[in-house]
Amino acid sequence: MKGYSFKMAFVNLTTRKITFENFDESFAKMYLGGNGFLAKVLFERIPKGLDPFSPENIVGLAIGPANGTILQTAGRTAVAAKSPMTNLFCDSYFGGNFGAEMKYSGLDALFVIGKCDMPVFLKVTNSDIEICDASHLWGHDILETEGMIAKDTGKEYKTVGIGQGGENLVRYACLIGGTRAAGRGGMGAVFGSKNLKAVTIVGDNDVEVADPDGLLEFWNRTNQWGEKARGLVTLGTPVLVNSINQIGGLGTRNWQDEYFPEAEAISGELYNEKFLSHITACFGCPIACSRVFSGSHVSEGPEYETLYSLGSCCGISNPDTIITADLLCDEYSLDTISCGVSIAFAMEAYEKGILTKKDTDGMDFRFGNEEALIEAIRKIAKREGFGNFLAEGSRRMAQKLGVNFNMDVRGLELAGHSPRALKSMALSYAVSPRGGSHHDGRPTSEYGMADKRTMEGKVALSLHSHDWATIGDSLVICHLIERGFGFTLNENHVELMRHLTGWDITLEELTRIAERIITLERAFNVREGVRRKDDTLPYRMMHEEIPSGGSKGCIARPEELEKMKDDFYEKRGWDGDGVPTPQTLKRLGLDWVRY
Amino acid sequence: MHIGVKPNACDGCEICELICSKQDGRFNTKRAKIRVINEFYKIPEVNVCRQCEDPACVASCPVDAFEEISPGVYAIDQETCTQCLACVDACPYGSIFIWREKVLKCDLCGGSPRCTVYCPKHVLELVE
């Protein structure tokens with residue numbers, strides 16, 4: 001079976017002991033790679049109830065059978081840990097080229113446990129791992145850090161790591177690899193809690209695929225991105241700002257509305273006209289959705305999610321300010337989604353008089369205050385003054401203030417896709433292992449549907465898009481490729497699996513792998529106490545209608561959500577309380593799982 | 001003949017490296033004879049042999065490992081090459097690369113370079 005080195009590394013930073021474990025084909029066939037490997041190892045080795053900032057937490061980087069090959073977007077990397085945002089299993093992904101480099105190194109996964117007594121970074125050279133002193137890097141932002149490491153190691157090494165946000169344990173600190181973020185769930189904070197500044201990696205081994213000519217034929221056949229992803233090709237992900245705003249699902253002023261009157265000013269059209277420096281692509285990606293924008297500062301991005309979180313959600317309509325804010329978040333390694341939505345929460349609290357200038361270090365924290373946005377980001381990264389409060393995220397802030405307008409699921413802030421305007425996203429967020437993520441159940445195909453107010457077909461959409469996303473995350477490739485390969489698992493995915501691995505897999509078997517990984521993630525969360533009552537949405541989404549715009553009147557009514565959950569649990573083989581049944585665990589080969 | 005690179009048009013996807021490195025079912029951009037230079041916030045650049053008229057690499061080789069496979073296009077005979085790396089030092093453009101003990105120079109795939117076919121942004125073209 002091709003596509004694997006069959007090797008994982010485990011680094012214990014407390015003891016400085018490095019071990020390697022081999023896995024076999026049956027393991028690969030059960031868990032596929034990336035997401036699946038991380039779910040399996042973390043379930044087995046993270047004890048129930050562990051504080052995510054405990055040295056015993058494990059953060060893993062993993063790749064899959066696609067990486068380093070010519071399959072589109074095969075430079076991507078998976079990362080997972082127990083999340084300091086949700087206290088649950090959380091996986092996150094970043095583009096760029098780290099995943100290909102990891103593949104060439106001969107490691108399929110790298111897990112870090114323990115805590116070093118000094119700042120360190122890991123230097124990986126063809127599976128040879130060194131724990132290196134990072135004292136000189138600590139305190140530097142991640143883009144500087146990557147440059148400093150490259151100066152010592154040579155530019156061939158690819159680096160992922162943290163800036164000051166991760167060092168200071170901002171709960172939503174992310175990882176930055178190259179200039180791309182593994183944004184969600186605080187993976188950077190887990191790095192920081194281990195005194196781990198970065199991982200830098202190089203490899204020069206070949207990656208063998210089973211059917212290279214078949215893979216090339218597949219590549220040629222599926223490469224019509226100008227037709228299938230025209231918006232992404234021409235404007236990048238910011239193309240979504242205007243279209244989602246017109247549909248009426250652009251989270252505005254902490255989701256008090258979903259229509260942002262100034263959206264045009266922060267639209268993809270505007271950015272590409274006024275600020276475009278040049279277009280960039282991740283490794284092996286023919287779509288090339290990344291944009292380098294040049295305003296007062298130069299930044300790769302902002303992407304759509306950032307334009308929502310730091311833009312409309314905070315009532316900010318100055319595109320240049322968002323470029324600066326985006327760059328700051330990248331440098332400090334802060335998840336722009338959680339950072340922006342946390343600031344938006346505090347802005348609403350300020351406008352309601354719940355927070356005053358006494359709380360905000362004198363900042364006039366109204367929606368739309370650009371200076372406050374920038375100052376808040378700086379303070380968050382340093383956990384300074386009011387920033388220390390904001391660094392905890394919306395849910396913890398709301399709990400302290402005793403209010404319910406925090407816009408998160410399981411403690412993770414909502415992405416820029418409305419659970420009121422999109423019924424499938426209402427369900428997808430509620431049952432997502434991660435919480436407020438748009439990368440479990442996917443929103444893409446519902447945007448094109450005629451009737452967004454009906455529940456008809458929406459449970460199936462949530463289920464099937466989550467199955468595909470999980471396979472994509474295990475291969476490990478980018479979800480934007482769905483426009484070419486399909487929004488749900490289909491014969492394209494089966495075919496590419498055969499070309500990559502030589503495994504004569506069927507669609508049914510591939511779907512079962514997705515179910516297995518999703519159920520294992522669910523089992524991790526069930527072990528932590530998650531049940532049906534926790535599969536819910538922010539209060540506002542369930543009790544306040546969208547007041548204006550194209551989706552005026554839409555709402556995710558609790559009774560509708562409960563009905564969809566019934567159907568969803570049944571199809572997943574979970575009981576009425578959302579717990580995978582013994583029969584389901586057995587069917588999926590997970591009968592070893594204990595809650 | 002050489003591979004022409006459209007200026008300021010590369011997006012850095014490295015698909016040219018991938019297709020160049022494809023051999024016996026294997027991919028490995030470290031074996032590519034064409035390289036993409038990706039640096040933060042800069043327009044990516046492509047580094048590939050210009051097939052110089054008076055090639056310094058050929059002149060520098062002490063064992064005559066460069067074989068003229070078509071007029072003006074040289075390939076390295078790996079059997080003859082002693083990996084002294086004189087050509088790597090001699091190339092003024094840094095367009096000869098090393099993978100392990102192997103010296104790598106673009107030989108235009110014998111006249112029909114795959115990178116020019118697979119580049120999704122049509123940055124590369126065969127110039128007669």
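**Helix packing, a mixed sheet and the contact between chains**

In chain A, residues A:Val341, A:Ser342, A:Phe345, A:Ala346 and A:Ala349 of helix 14 meet A:Ser394, A:Met397, A:Ala398 and A:Leu401 of helix 17 (contact: C-beta atoms, placed from the backbone, within 7 Å; helices: DSSP runs of H or I, at least four residues, and strands: runs of E, at least two, numbered from the N terminus). The model is a predicted one, in which local features need pLDDT of at least 70 and side-chain atom pairs count only at pLDDT 80 or more, while totals for chains, interfaces and linings use all residues. Residues are numbered from 1 along each chain as its sequence is written, and chains are lettered from A and ligands numbered from 1 in the order of writing.

Helix 14 (residues 336-351) and helix 17 (residues 394-401) of chain A pack with their axes 9 Å apart and at an angle of about 25 degrees (axes are lines fitted to C-alpha atoms, for helices over the stretch in contact; angles run from 0 to 180 degrees between N-to-C directions). Helix 14 of chain A is therefore roughly parallel to helix 17 of chain A (under 35 degrees; over 145 is roughly antiparallel, 65 to 115 roughly perpendicular, the rest oblique). The residues of this contact between helix 14 and helix 17 of chain A comprise seven nonpolar, two polar and no charged (nonpolar: Ala, Val, Leu, Ile, Met, Phe, Trp, Tyr, Cys, Pro; charged: Asp, Glu, Lys, Arg; polar: the others, Gly among them).

Helix 13 of chain A contributes A:Thr321, A:Thr324, A:Ala325, A:Leu328, A:Cys329 and A:Tyr332, and helix 15 of chain A contributes A:Glu370, A:Leu373, A:Ile374, A:Ile377, A:Arg378 and A:Ala381. By class, the contact of helix 13 with helix 15 of chain A has eight nonpolar, two polar and two charged residues.

Turning to the strands, six of them in chain A form an open sheet of mixed pairing, in the order 8-7-12-9-10-11 (strands pair if DSSP finds at least two bridges between them). Strand 8 (128-133) and strand 11 (180-182) of chain A are the edges, each pairing on one side only. From one strand to the next, the twist averages 20 degrees. Within the sheet, strand 9 (residues 158-161) and strand 10 (residues 175-177) of chain A are antiparallel over two bridges, and A:Val160 stands opposite A:Gly177 of strand 10 of chain A. Helix 3 (residues 98-105) of chain A packs on the sheet and touches strand 7 (120-125), strand 9, strand 10 and strand 12 (196-202) of chain A. The direction of helix 3 of chain A makes about 65 degrees with that of strand 12 of chain A.

Between the chains, 21 residues of chain B are in contact with 28 residues of chain A. Helix 1 (15-21) and strand 2 (26-27) of chain B are the elements that give two or more residues to the side of chain B touching chain A. Helix 1 of chain B gives the most, with three residues. That side of chain B holds eleven nonpolar, four polar and six charged residues. Strand 13 (residues 207-208) of chain A pairs with strand 2 of chain B in the antiparallel sense over two bridges, and A:Val207 has B:Phe27 as its bridge partner.

Overall, the secondary structure of chain A comes to 26 helices and 18 strands. The C-alpha atoms of chain A fill a box of roughly 60 × 55 × 50 Å along the principal axes.

Notes: Contact = placed C-beta atoms within 7 Å.
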